[in-house]
Amino acid sequence: MFNLCSDFIPTGDQPQAIEKLVIGIENDFKNQILLGVTGSGKTFTMANVIEKTQLPTLIISHNKTLAGQLYQEFRDFFPENAVSYFVSYYDYYQPEAYIPSTDTYIEKEAQINELIDKLRLQSTTNIMTRKDVIVVASVSCIYNIGSPLEYGKFILELNEGQKINQKEIFIRLSELQYERSEFDFKRGTFRVRGENIDIYPAYEDFGYRLIIDLGKVKKIEKFDPLTGQLIDNNQLPIKKLIIYPAKHYLIEKNVFENVEKKIRDDLKKESQELKNQGKLIEAERLIRRVNYDLEMIKEVGYVNGIENYSRYFDGRNPGDPPYSLLHYFKQAYGDDWLLFIDESHMTVPQLRGMYNGDFSRKKTLVEFGFRLKAAFDNRPLKFEEFYPIPSKIIYVSATPDEWEINKVKSQNLKFKNYFGLAEQLIRPTGIVDPEIIVRPAKNEVSDLIEEIKKRIKNKEKILVTTLTKKMAEDLSGYLKEKKIKASYLHSDIETLERSDILDNLRKGEYDVLIGVNLLREGLDLPEVSLVAILDADKEGFLRSKTSLIQTMGRAARNIKSQVILYADEITKSMKEAIEEINRRRKYQLEYNKKHKITPKTIYKPIREKIIEKEEKNDIFSDISREFLNLEKIKTDSLTPYDKKKITKKLKLEMKKQAEELNFEMAIKIRDKIKELENN
């Protein structure tokens with residue numbers, strides 16, 4: 001059962017919004033809107049709807065920062081339930097591509113964050129095993145992750161008293177993509193201690209120990225992989241254990257044997273098509289590439305780019321939609337689950353556009369013989385494939401788009417005067433929308449610095465939004481020169497680091513945070529009393545009415561809040577945004593007067609990090625990028641695991657130093673890598 005834990009109760013216009021949404025769900029409305037202003041408690045309303053309907057829930061956000069914040073909030077609201085986090089697990093991702101004009105082939109390159117991979121696996125495991133599931137996801141949830149039916153078949157089931165054969169257990173764990181590792185015991189590995197077997201599931205923070213006596217499972221214990229201490233938690237003894245796969249995408253040997261002929265038939269057909277078009281080089285390239293990939297899959301079960309053959313392994317026909325996280329929900333719960341699309345005015349267009357960008361890149365690869373046409377089917381869902389899967393959708397936004405509004409209006413409603421729209425325009429705290437000030441852009445930076453200094457004296461925080469990443473970085477550097485504690489936030493910042501930067505702003509390590517569009521939706525920062533929008537009159541996507549309203553909303557959690565628009569003229573978007581904010585101010589002020597509310601800023605506690613960094617005691621952490629003290633790395637004192645870990649980091653650093661033309665340092669790092677690899 002979902003059990004909402006909170007010191008607050010619904011107030012303001014939250015109760016009527018919750019009631020409306022629950023009625024809509026109970027009466028099978030596919031589309032509903034929760035229109036809530038910043039600070040009105042939309043997340044709390046969503047949590048109440050989940051508790052009242054008791055439905056497994058998927059929440060999609062359009063970027064990782066907001067997904068991380070929502071994950072933390074729902075984890076606090078539902079500590080007893082399975083709240084998971086599903087975002088792209090790449091810290092760095094360069095997709096495979098070909099540029100015909102320069103004859104440049106770019107190979108796929110990626111760095112996978114193992115901790116995020118663990119949370120992704122935890123999401124699918126929870127869906128397959130529980131009903132009290134909430135998954136907070138980014139738009140990456142519409143990409144292919146393999147069939148839920150196949151994933152559900154890949155399990156290792158162990159029971160107390162069960163007769164087992166060690167060799168059979170090892171083979172099954174290998175089939176589930178677990179690796180045997182006696183020294184480097186980490187997620188997704190297993191090890192042997194005498195007759196006993198330790199397993200560290202890829203989706204858990206603890207390990208399981210199988211105590212084996214005379215070929216039987218005598219006992220199953222849960223333990224801390226770091227200390228080896230048993231974890232009791234006053235729970236009942238573990239009588240049954242199910243181990244799920246360490247990877248989402250799995251290939252059985254017999255499945256590969258069945259599809260290999262189909263792949264080779266398609267290769268023959270498509271290479272002949274290229275030859276008929278006079279593309280002999282492209283045909284030869286395709287033959288070499290596919291033959292190499294098939295041999296690698298046959299020998300080691302994997303090849304870089306294996307996902308381009310996913311259609312064959314999944315048993316899908318050309319053009320069939322891929323299996324995504326939504327299919328796991330559908331497989332596990334049928335139509336009895338709920339989808340929230342957070343900040344829908346941004347998320348829906350993003351969901352719509354993802355397929356076209358992917359198709360354009362793949363089209364070039366196929367035309368020039370780098371991939372079979374099956375690569376087209378390793379893709380995100382098209383929007384027309386995505387939309388029919390959920391049966392209950394709630395669009396959450398302060399500025400819902402025309403598309404969502406029209407969908408809600410057009411459905412066959414069962415109640416008179418009910419249009420599937422729940423409004424939340426009241427902030428329980430009584431805080432009104434910020435005062436809007438327009439100032440000339442001529443001396444915007446010097447004026448901004450004066451405003452920043454005023455806020456810093458009162459221990460208040462400032463958000464500044466720019467038009468480009470470069471401007472964000474340059475302004476951040478300039479403010480630091482002026483002895484102002486500033487940082488920038490944009491899409492190049494690693495997933496987990498973004499949440500840390502936001503927390504550090506609240507803790508006082510920074511006073512000013514500068515960004516592009518990541519400062520718009522959903523950032524919950526009550527310490528912020530000023531939002532400054534540079535170049536506000538540059539009409540376009542980042543300075544549209546919707547974007548401006550959302551950006552102004554970042555200052556709507558503090559009673560002293562102001563928004564300064566730096567502009568030489570008032571554009572149509574600025575005018576409409578200012579009018580809407582003033583309308584909302586008036587509505588809140590009337591409510592405050594009627595109910596005798598004195599507005600006050602509510603300071604929320606800073607939550608624990610999604611994932612604590614594991615590198616704190618790492619030997620490499622003492623080596624700063626400004627001055628790499630390679631002498632600190634003593635080769636003789638390192639374990640094989642440390643050598644491997646440091647070598648990997650040094651290779652990345654060598655590459656960075658070379659790119660920055662620091663060739664002497666790159667050579668020194670290269671020599672240290674050779675020393676580590678040869679000893």
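Below is a working chat about the predicted model shown above.

Colleague: What does the secondary structure of the protein chain come to?

Modeller: The model is predicted, and its chain comes to 20 helices and 24 strands.

Colleague: How many residues, and what share is buried?

Modeller: There are 679 residues in the protein chain, and buried ones make up 53% of them.

Colleague: What share of the contacts with a separation of 6 or more comes from residues 24 or more positions apart?

Modeller: Such pairs account for 74%.

Colleague: On to the largest nonpolar core. Which residues touch the most other members?

Modeller: Leu-58, Tyr-178, Ile-199, Ile-243, Leu-325 and Phe-386, out of 63 residues in that core. Helix 10, residues 325-333, gives the most to this core, with five residues.

Colleague: And what is Leu-325 in contact with, leaving aside its neighbours within four places in sequence?

Modeller: With that exclusion, Leu-325 contacts Leu-58, Phe-86, Thr-124, Ile-127, Val-135, Ala-137, Cys-141 and Ile-145. There is also a second, separate core of 33 residues, which includes Ala-17, Val-49, Ile-134 and Leu-338.

Colleague: You listed Ile-243. Which face of strand 15 is it on, covered or uncovered?

Modeller: Ile-243 is on the covered face together with Leu-241, while Lys-240 and Ile-242 form the uncovered face. In general, side chains in a regular strand alternate between the two faces of the sheet.

Colleague: In what sense do strand 9 and strand 15 pair?

Modeller: Strand 9, residues 156-159, pairs with strand 15 in the antiparallel sense over four bridges. Ile-243 is the bridge partner of Leu-156.

Colleague: What is the strand order in the open sheet of five strands?

Modeller: The order is 10-11-12-13-14, and the pairing is mixed. Strand 10 (179-180) and strand 14 (216-223) are the edge strands, each pairing on one side only.

Colleague: How many bridges join strand 13 to strand 14?

Modeller: Seven, with strand 13 (residues 207-213) and strand 14 running antiparallel. Tyr-208 stands opposite Lys-222 of strand 14.

Colleague: Now helix 11. How far does it reach from its first C-alpha to its last?

Modeller: Helix 11 spans residues 344-367, 24 residues in total, and reaches 36 Å, close to the 34 Å expected.

Colleague: Where is the kink centred?

Modeller: On Gly-353, with a bend of about 30°. Just after helix 11, Gly-369 takes a positive phi of about 80°.

Colleague: Which residues of helix 11 are buried?

Modeller: Among them are Met-346, Val-348, Leu-351, Met-354 and Leu-365, and also Asp-358 and Lys-362.

Colleague: Which side chain does the side chain of Glu-260 make a polar contact with?

Modeller: That of Lys-298, at 3.2 Å. Leaving aside neighbours within four places in sequence, Glu-260 is in contact with Leu-294 and Lys-298.

Colleague: Last one, Ile-431. Where is it found?

Modeller: In the loop between strand 18 (421-424) and strand 19 (435-439). Ile-431 is buried, with a relative accessible area of 2%.

Colleague: What is it in contact with, beyond four places in sequence?

Modeller: The contacts of Ile-431 include Ala-556, Arg-557, Asn-558, Ile-559 and Pro-599. Ile-431 and Ile-597 are 166 residues apart in sequence, with their C-alpha atoms 9.4 Å apart in space.

Methods. Residues numbered from 1 in each chain as written. Predicted model: local features only at pLDDT ≥ 70, side-chain atom pairs only at ≥ 80, totals over all residues. Heavy atoms only, no water. Helix = DSSP H or I, 4+ residues; strand = E, 2+ residues; numbered from the N terminus. Expected span 1.5 Å × (residues − 1). Bend = angle between axes of the 7 residues up to and from the residue. Buried < 20%, exposed > 50% of the residue type's maximum accessible area, 1.4 Å probe, protein only. Core = buried A, V, L, I, M, F, W, Y, C linked by side-chain atoms within 4.5 Å. Contact = heavy atoms within 4.5 Å. Polar contact = N/O pair within 3.5 Å; in protein donor to acceptor, adjacent residues only side chain to side chain. Pairing = 2+ DSSP bridges.
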